[in-house]
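Hi everyone, thanks for coming. Please have a look at the screen.

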Amino acid sequence: MTTVNKKDILTIISPDDFHLHLRSGNILKSVIGMSASQMKRAIVMPNLTPPITNTNAARLYREEILSVLPKGSKFEPLMTLYLTDNTKAYDINIAAQTDFVKAAKLYPLGATTNSDNGVSDIKNIYPVLEEMQKVDMPVLIHGEVTRHDVDIFDREAVFIEEVLVKLVHDFPNLRIVLEHITSKDAIDFVLQTSKKIAATITAHHLLANRNDMLVGGIRPHYYCLPVLKRSNHQAALIKAATSGNPKFFLGTDSAPHSKTEKQSECGCAGVFSAPNAIELYATAFEKANSIDKLEDFASKFGADFYGIPYNTTTISLQKQTTSIAKEYKFSDLTIVPFMAGQTINWRLV
Ligand code: DOR
Ligand code: ZN
C-alpha cells in the first residue's frame, strides 16, 4: 500500500491515461508535453477529422505523436481505431496483428465531438464485434443514446438498458470499457456484469457535478459529454474510484478545445484536464480519505485490464496548495483548463 511520507510526498508507479484526446497538428504540439510529463502511456482517442479508421491511419497518427514529443520523453501512445458503419472484421484482424493498436472505439452516431462518422446502429458492426471478441481486442464505448426524445441527463442510463445489456449478452467474451462513466446506473451495471467489462472515470466527474456547471451562470469549461450529473452520481463515482475494485481505472478524457470554440453560441463538449490530471485525481482521492488507493487506480488496474506490464518508473506528488493556470496561451490558440484559476491540494514534484 502506498502512503504519504513525513514530507507529505506520495510516490507511486508512473500512471497511464486510459482515455485521452491529443488531436493533431498544432493542438497536438501544444498539449502533448502536458500528458507526457504526467503519464507514461495513454490510450489515444481516434476522433480526429477524418477519424482514424484503419491501421495505416493509426500508424501515421502514432508517428506524428512520437515526432512532437518533448526531447527525451518516454511517453508511449497506445492507438485505437474509430468504428464506423463501414468497418470490416478485416480491419480489426489487421490491427490485432500490430503491437500498437490496442482497442477500437465505438461512438454512437452524433453522440459527441467528431462522431458524425459514428455507428448508426450497433447491429451494423456485429461482424466487427465478433472479430474483436475472437482476437480479444477491447471495445471502448461512449455509452450514450442520441435519440432526441431522451433527456441528456438520462442518455447513459438508457444506453445501458437499450444497448449494453444486449451487447454483453450477445458477446459474453468481448472485453468492454465503458468510458468516462458518469452515473450510478453505469457503476451498478459494471459491478454486476462479468469481469470482461470495466470503466474509466475522469477527474472532472469526481470533482464536479452539474451545479458546478450551472449554478450562478453557465460555465462552458465544465461542459463535456457525457454531461456532469447530479451530486449523488458524483458521490457514487468517488466511491467506485476509491473502492479498490480493479474494474474502475483512470481515464482523463482530457479534450482540448480552443477558448473561442468553448465560449461561443454553441460551445463544444470537452474538459481539458491534462496539465494537472494526476494532481486533480490525488485531490479527489484525498478528499475521500483514500489517497492510499490512488496508485492502484492510476497505475495498475488499467494495465491489468489491457494486459500490459506496470510501468517501471515512479512519480512523486507533494501535498501542497497549487494554483491551476487561468489559461494556456499557445501561438495560435488559447485553451482554458478544468478548474482554471482555482487551487488543488497536490503538485507533481
Ligand atoms: O466531452 C467530450 N469531449 N466528450 C467526448 O466524448 C469527446 C470529447 C472531445 O473529443 O472533445
Ligand atoms: Zn473522450
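How many nonpolar, polar and charged residues does the lining of the second largest cavity have? The lining has eight nonpolar, three polar and one charged residues. Here Ala, Val, Leu, Ile, Met, Phe, Trp, Tyr, Cys and Pro count as nonpolar, Asp, Glu, Lys and Arg as charged, and the others, Gly among them, as polar.

Before going on, a word on where this comes from. This is a predicted model, in which local features need pLDDT of at least 70 and side-chain atom pairs count only at pLDDT 80 or more, while totals for chains, interfaces and linings use all residues. Residues are numbered from 1 along each chain as its sequence is written, chains are lettered from A and ligands numbered from 1 in the order in which they are written, and side-chain values use heavy atoms, with hydrogens and water left out.

Now, what is a cavity? On a 1 Å grid over the protein atoms alone, a cavity is a set of points where a 1.4 Å probe fits but cannot get out, and a pocket is an open set with protein on both sides within 12 Å along at least five of seven lines; lining residues have an atom within 4 Å of a point. Grid points are joined across faces, edges and corners, and a volume is the space filled by probe spheres set on the points.

The whole structure has five cavities of 30 Å³ or more.

The largest cavity has a volume of about 110 Å³. Its lining counts 17 residues, with His21, Thr112, Thr113, Leu225 and Asp253 nearest the centre. By class, that lining has five nonpolar, nine polar and three charged residues.

And what sits in the largest cavity? Ligand 1 does, meaning that more than half of its atoms lie within 2 Å of the cavity's grid points.
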